[in-house]
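Hi,

Here is the structure I said I would pass on. Have a look at it first, and then read my notes below.

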Amino acid sequence: MPGGPLEGLLVADFSRVLAGPYATMLLADMGAEVIKVEGPQGDETRTWMPPVRDDVSTYYLGINRGKRSIALDLRDEADAELGRELARRADVLIENFKPGGLAKYGLDHPSVSAANPRVIYASITGFGSGDGRHVPGYDLMVQAISGLMSLTGDPDGPPYRAGISVFDVMAGNHAVIGILAALRHRDATGQGQLVEVNLLSSALTGLVNHSSAFVAGGVVPFRMGNAHPSVFPYEPLPTADNDLIVAAANDGQFRRLCEVLGLPEVPDDPRFARNADRTRNREELRPILLERLRTRGAVEWFDLLVAAGVPCGPINTIDGGFAMAERFGLDPVVVVGDVPTTRHPIRFSETPAVYKLPPPELDEHGDELRAWLKEDRG
């Protein structure tokens, strides 16, 4: 089997918690050799429990496969020197300390790039390295500050956070994109560079249509529950048993929805002929659709509507989401060592993802890595 599209790439991972470790796990899945540098107490997520598997945090297990772990106390000069040696050998260094936090150890970008001009140095912060450098970067803070929480929840209720640390994950993905682009530039020029990602910028671009509503249209959107401000139907609708997400986002899909529901005349009603009409008259259209949807259950409607080309889906718990992925042949779970983990999201026809190592114990590979870092220096 090929070793993955990034085989031969050495990544020094000085990150912890979520955004950085998620990014480096994706790089490891694509074949990179990732060395996870942890403090003596280990990554914080090792202690974030429950839930657990064999007394290990499942949070930690979910974002750290494919890596080797070395514990270094950077306050100790001998360990700091090993960290600098790792940075000197690395193709990529990724960190999510507060801006300037690694300078005292000689592991900031100017120091590392002086010794290793080809390095891609990726820095993930909460609010950038400028005037926001002093603000701690936690996903929940960014959900609040960015405006996401003002868009999430019932119109008459309080704002809500998303169910996951959505901007940590988004920033991790942006870090991977930036690293890969910088590697392409290095291939062409031999020159490394600094790649900076911050959670707030990831959040603002990730708010997509809502960001554009404000930036381009001067409109400040607010939460609408599960409704969409620009499309209808595009929300959960009740059936005979459970709610069903219906996302008929264009005129053709809406016409097919009405045909399956036995409402062939509705798409020709001038109140509902175009998306703008349906959105404007949603309170008149909704009861017409609900009357028909209540005649069958959500799963039965799902099969009928998808067969007709209408986007829809039952609202599952996570076990149901994995079951649906199995139904579609996506094989969502891979076992690495004896740890079940979620499959890498990208499929490559020639260089498939690799799953070389289970999530490491703290300093599991420390002895061999220390020996390697001490040999052949200079």
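Before the strands come up, one definition: two strands count as paired if DSSP finds at least two bridges between them. Keep in mind too that this is a predicted model.

With that in hand, take strand β1 (residues 10-14) and strand β6 (residues 92-95): they run parallel and are joined by four bridges. Within that pair, Asp13 sits opposite Ile94 in β6.

Both strands belong to an open sheet of six, in the order β5-β2-β1-β6-β7-β8, with parallel pairing. At the edges you'll find β5 (67-71) and β8 (193-198); each has a single partner strand, so one side of each has no neighbour in the sheet. On average, neighbouring strands here are turned by 20 degrees against each other, ignoring direction.

Helix α14 (residues 366-374) lies across β1, β2 (33-38) and β5, at about 80 degrees to β5.

As for the whole chain, there are 14 helices and 13 strands, and the C-alpha atoms fill a box of roughly 80 × 45 × 45 Å along the principal axes. Of its 378 residues, 46% count as buried. The chain exposes about 18800 Å², with carbon and sulfur atoms supplying 55% of that.

Lastly, charges: the chain has 37 positive and 51 negative side chains, and the centres of the two sets are 3 Å apart.

Cheers

How values were computed: Residues are numbered from 1 along each chain as its sequence is written. This is a predicted model: local features need pLDDT of at least 70, side-chain atom pairs count only at pLDDT 80 or more; totals for chains, interfaces and linings use all residues. Side-chain values use heavy atoms; hydrogens and water are left out. Helices (H or I, at least four residues) and strands (E, at least two) are DSSP runs, numbered from the N terminus. Buried means under 20% relative accessible area, exposed over 50%, partly exposed in between (1.4 Å probe, protein chains only). Accessible areas come from the Shrake-Rupley method with a 1.4 Å probe; for residues, only the protein chains shown count as cover. Lys and Arg count as positive and Asp and Glu as negative; His and the chain ends are not counted. The place of a charge is taken as NZ of Lys, CZ of Arg, CG of Asp or CD of Glu. Axes are lines fitted to C-alpha atoms, for helices over the stretch in contact, and angles run from 0 to 180 degrees between N-to-C directions. Contact means heavy atoms within 4.5 Å.
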